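Grab a pencil and open your viewer. Here are a few exercises on one model, each with a worked solution.

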Amino acid sequence: MNNHYLKIAWRNLIGNKVSALINIGGLAVGMAVAMLIGLWIYDELSFNKYHQNYSRIAQIMQRERHLANNWVTDHMPYKVANELATNYRSDFKHIITATEARHFYLSTGENKTLKAGQYISADAPEMLTLKMVRGTWTALNDQHSVLLSASVAKEIFGDADPLDKVIQVSDNWDVSQTTALKVTGVYEDLPQNAQFHDIQFFMPWALYAAGNPLVNAATWDDHRFLIYAEIAPGSSFDRVGADIKESELKAITHLDDMKKEVAANPQILLNPMSDWHLRSTFKDGVVDDSPIQFVWIVGIIGCFVLLLACINFMNLSTARSEKRAKEVGIRKAIGSERGQLITQFFCESFLVVFIAFGISLLLTVFTLPLLNNLSGKQIVLSFGNPWFWLVSICFVLFTGFLAGVYPALYLSSFKPVKVLKGTFKGGRMALVPRKALVVAQFTVSIVLIICTIIIYNQLMFGKSRPVGYSRDGLVIVPITSQDFLGKYGVLRNELKNTGAIAEVAESESPVTGVSSSNGGFNWKGQNPGIEQNFGTLTVSPEYGKTIGWQFVDGRDFSRAFISDSSGFVLNEAAVRYMGLKNPVGETIHWKSKWNHVDKDYKIIGVIKDMVMDSPYASVKPTIFRIGGNENYIFIRINPSTSVAAALPEIAGVFKKIIPSIPFQYRFADEEYAKKFATETRIGTLTSFFASLAIFISCLGLFGMASFMAEQRTKEIGVRKVLGATVFAIWRLLSKDFVTFVIIALLVAAPVAFLFMHKWLQNYQYRTPIAWWIFAVTGAGTMLITLLTVSYQSLKAALANPVRSLRSE
């Protein structure tokens, strides 16, 4: 019987090639999109699940009130790890201390490579359940050992056994500090969706502590370290967190010392590994749910795209109901039960879906590299994984059921008496579900189009915002080694002597970020209750001329004025924050033990606000002063010299002055462009999905228009004989679809407005939602609709009426 159903289903596909191609094509695209999105969501939600103890690992963090803001930091005092181990040992199986990952040179013989490494406690491999290729989890017990990833071991030693080999490890900051370490273990490379993926080797914490004897004597304000913990089996994060919270001022007595030293009301908290990826961003001390919300929104969009393809199948299947009515009537008359008919129609839908699934797999294989490029991932299709095929089968069954349930129930409900008497007609009510489904298709498409336009406008709104300095031709060189120290003057002179460089300067912060914030300022007319949070950046006197900041009052720093070492340059935001009417010449007293200052400064100038942080946020009140200990060198290329000609000159100077360090550089405009990565990604995804939604909807429209024109062939012939024009017939066949678009626009506009209005609230600097967006979307959708249905409408209108009426 099943073979019989499949034969009939196949004959129906062959006999209705246009509708079959539309159904299969639409479903293939929809299923490919659903698979791509499913793979991406799975990758996002399975982040860090590589580690077997994933559900019990957490990072120790600290929430505090500091500088007018609530902060959550993952950098902790080393003493916290000791206190937890002493007072809460029963709650934890492992407590791990680690340094921030940084780059080291690994060398053996002539082979030298720069890799990211980390000092970490000896029991970290066991907690992280690293898969050891060579050695065991005890590899870091030896103070002079090193644990390499498989790729690094192969790069250094090739196919030779790396175990017990000695490598030289040099700090990137100070290459003169070289330590000989023995390779005691090699672990399998971590997947890209793991937090520790970018760390390519581990060194024992004992080695770091031996080289830094002040670690154990560090104060409670020394927030340099990372602390991870694995809770004991049978315990829970809530219970352990509650225990710490209830007794932290008693058991961790030094939290009072922390409070005095940082004035920040510190609170210890546990951040589970399951939250590290999608719930790791905090705003004003509270978890920002935007990343996880974005994941679910993309998932919902994928479901809608698949639903659009299923709607096409439903509409085209039910639209052919009158043609299949006699088939249903005869089958029922000779004894077929409704259940058998439902099975037959489901067989047809599953056959179409199965063929579409095969095509969608090919589409997924070809488009997966594009998704990886867009998302920065390395997702692969695991054809050899049984779970992949099990999920695929469930996916096919679900899609087949979703697409076929309505047509199966509708077509199997026909009454055989009416059908065989020839009195069966679908009637007006039979059209209502199909019309509703078409409206639903266009509603989803219009919502996506409106969202795409608003996201694009927001992106352009941020990009067009005046930044207050010149990014073109500005090169940023990070100071990565102590070999830079004391050589700024020589570098500056040599670079300017090339003729390719206009100016050179130093700063502790990149021009695309504010790396330091402080309080402790006092000025005339100050509100005593004001909470202070000023960006405070040290720069060299040439900084302003190099980056091209713009003054609204006063003057720039100058080496000609010795007093400028006690001078401040403020941005407009800082002047507004302080409430100063005539700021130039005003005195500000700054007392800060962190910066070792307690003296008066005079305001010598005010600059226009520079966008250094997010281009969508308010400009932070910032104070600039002359100082040392800089982290970046800025180089302004001479406008008369091309970048291609200037870079070799710059590289030559650095190689001459600092030959031990490879020349590394970035362009300010490229760094600034990275700030728009999230909005660009969202905009690209929504535009892609909107295009697919329109494509699938138009496929359905084309099929519906084709069927309606075929169904009304005799009516069109009669109208032409009676004098109807081509335009009149075109209007007759197109007006229903225009009505669908108008209804869909009326439904989609408020939905899109409410959704995007809420999304824009995440930005302080945001674009308005203009009326023309809805007008353009409506007009564009109307145009696409008319172009889609016009082919069939005009074909029917231009047909010879004699052919359609000869049988009458």
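Predicted model: local features only at pLDDT ≥ 70, side-chain atom pairs only at ≥ 80, totals over all residues.

Residues are numbered from 1 along each chain as its sequence is written, and side-chain values use heavy atoms, with hydrogens and water left out.

**Exercise 1.** Find the residues with the most contacts inside the largest nonpolar core.

*Solution.* Start with the term: a nonpolar core is a set of buried Ala, Val, Leu, Ile, Met, Phe, Trp, Tyr and Cys residues joined through side-chain atoms within 4.5 Å. Buried means under 20% relative accessible area, exposed over 50%, and partly exposed in between (1.4 Å probe, protein chains only). The largest core has 135 residues, and Tyr 543, Phe 624 and Ile 635 have the most contacts inside it. Its largest share, 15 residues, comes from helix α14 (residues 427-463); helices (H or I, at least four residues) and strands (E, at least two) are DSSP runs, numbered from the N terminus. Another core, of 23 residues, lies apart from it and includes Tyr 187 and Met 273.

**Exercise 2.** Work out which side chains of strand β22 (residues 587-592) are buried, and which strands pair with β22.

Next, the partners (two strands pair if DSSP finds at least two bridges between them). Strand β18 (residues 521-523) pairs with β22 in the antiparallel sense over three bridges, with Trp 523 opposite Ile 588. Strand β23 (residues 597-607) also pairs with β22 in the antiparallel sense, over six bridges, and there His 589 stands opposite Asp 600.

**Exercise 3.** Explain why the buried residues of helix α5 (residues 150-157) are on the same side.

*Solution.* List them: Val 152, Ala 153, Ile 156 and Phe 157. Then look past the helix end: Gly 158 follows, with a positive phi near 70°.

**Exercise 4.** Is Asn 48 buried or exposed?

*Solution.* Locate Asn 48 in the loop between α2 (17-45) and β1 (57-66). Asn 48 has a positive phi of about 75°, although it is not a glycine. Asn 48 is buried, with a relative accessible area of 0%.

Definitions and conventions:
Arc of directions from axis to C-beta.
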